[in-house]
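Student: I would like to go through this structure by question and answer. Please show it first.

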Amino acid sequence: MTLALYNTLTRTTAAFTPITQGKVGIYLCGATVQAEPHIGHIRSGVNFDILRRWLMASGFDVTFVRNVTDIDDKILHKAVHEKIPWWAVAMKYERAFTDAYRSLNVLPPSYEPRATGHITQMIELMERLIDRGFAYAPGNGDVYLEVRKLARYLTLSNQRLDDLMPADDADLTMKRDPRDFALWKAAKPGDPSWPTPWGPGRPGWHIECSAMAQTYLGEEFDIHGGGMDLIFPHHENEIAQSEAAGYGFARIWMHNAWVTQSGEKMSKSLGNSLLVREILKQVRGIELRWYLSGAHYRSMLEFSYEALEESATNFRRIESFLYKVNEKFERQGKIEGVIDPEFRTVMDDDLAVPQALALISTWLRAGNTALTSGDLTGARREAERIRGALSILGADPFDGAFATSNNNSEGVTKALDGLIQLLLKEREDARSRKDFAAADRIRDSFQDLGITIEDGPEGPRWSIQ
Ligand SMILES: [Zn+2]
């Protein structure tokens with residue numbers, strides 16, 4: 001069996017064939033960086049990271065692009081609210097997203113373009129759309145796409161143009177059809193703007209992704225992903241722009257479902273308790289990753305603390321088994337991960353992670369039984385299968401990413417402080433017994449490590465240079 005993926009565009013699951021043999025190009029709509037990420041935001045990153053890891057494990061050379069939307073109405077509103085420049089808002093929350101992705105062991109994208117760095121490409125694309133007769137600039141500084149001219153418009157979201165409400169993104173009086181959407185918006189006083197042939201303004205959200213996808217992946221590429229809330233209007237309009245430009249654009253459209261609370265899409269209004277940063281005070285990054293990976297990417301994940309805790313407990317059982325087996329074989333080196341054929345089958349079936357978890361449970365039971373009965377070879381075999389599966393799910397406890405990332409910098413500082421105090425005590429003892437050579441060695445070691453010691457009235461204090 002080969003990898004089969006569900007395509008929102010065709011509403012079917014079909015065998016995946018890349019455009020270029022051995023290579024895959026993926027574009028994932030990234031964050032609009034206007035607030036700290038909650039777990040609903042980050043689920044998309046985790047789901048598509050599993051897709052990427054699976055494609056890599058299947059032998060593909062993957063180019064993974066995830067953009068940053070760093071200019072948007074919401075960012076401008078936040079700037080007013082926080083009394084800082086709009087670009088400071090964007091950078092602040094981009095960093096918060098980067099930290100959250102890193103905490104959950106989401107691989108860094110091959111390219112992570114910011115929208116504001118691609119204005120030139122957006123202008124070129126709009127010029128092309130105007131030349132080809134699909135877009136128009138009515139003279140007020142806006143540029144619109146004329147949706148009636150597109151035969152396949154609304155195929156992705158399966159809607160009829162006649163049923164469509166007006167796009168409320170700009171001045172209706174300037175549009176040829178109220179359903180036309182803005183590619184570019186004329187500058188408003190006080191807002192950031194960039195010069196164009198049609199006057200100063202800023203991009204609409206949709207043109208950003210079309211321009212960036214084309215820049216990094218070419219006119220046609222394999223997979224476009226995002227949350228299912230992006231199907232309309234965002235992805236529909238990305239398709240409209242790119243097809244009107246004469247580009248093939250994405251062949252497969254993949255959409256992850258939401259994290260829900262009481263069946264509703266999680267949103268900012270539900271409070272800050274579900275920020276990634278807050279949840280990482282309760283569980284480790286690897287446990288949150290495990291929890292968010294557990295549901296099939298196209299199924300809603302209903303959040304509850306009970307379910308999170310239960311999932312973390314289950315994960316700790318797996319981890320404990322792996323550590324136990326690893327101890328037994330430590331001299332021969334760490335147990336390696338192996339991709340089991342059964343795991344391959346379920347992952348090839350549109351990334352059926354819940355079935356993969358069922359396999360892991362079976363292997364864990366068999367592995368623990370083997371350990372109890374002293375069957376080390378059997379225990380090792382199960383551990384290797386489990387580790388192979390966890391590496392694809394991004395939750396391998398031996399992965400160095402989790403040892404250094406996130407969530408415990410306070411603990412690290414505390415441990416470091418304890419060690420330094422211990423050495424300072426050694427230095428004091430050496431001085432008091434007049435062993436100055438030993439005292440100097442400790443001082444030199446601190447210097448080599450870049451640790452500065454200052455003697456103050458309340459005893460020595462340390463800092464890192
Ligand atoms: Zn996008």
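Student: Is E82 buried, exposed or partly exposed, and at what relative accessibility?

Tutor: This is a predicted model, in which local features need pLDDT of at least 70, side-chain atom pairs count only at pLDDT 80 or more, and totals for chains, interfaces and linings use all residues. Residues are numbered from 1 along each chain as its sequence is written, and side-chain values use heavy atoms, with hydrogens and water left out. Buried means under 20% relative accessible area, exposed over 50%, and partly exposed in between (1.4 Å probe, protein chains only). E82 therefore counts as partly exposed, at 23%.

Student: Which residue does E82 meet in a salt bridge?

Tutor: A salt bridge is a side-chain nitrogen of Lys or Arg within 4 Å of a carboxyl oxygen of Asp or Glu. The N to O distance for E82 is 3.0 Å, and the partner is K92.

Student: Which helices does the pair of E82 and K92 tie together?

Tutor: Helices are DSSP runs (H or I, at least four residues) and strands likewise (E, at least two), numbered from the N terminus. E82 lies in residues 73-82 and K92 in residues 86-103, so the pair ties together parts ten residues apart in sequence: helices α2 and α3.

Student: Which residues coordinate the zinc ion?

Tutor: Donors are N, O and S atoms within 2.8 Å of the metal (3.2 Å for Na, K and Ca); water is not among the atoms, so sites may look incomplete. At 2.0 to 2.2 Å, the donors are C29 (SG), C209 (SG) and H234 (NE2).
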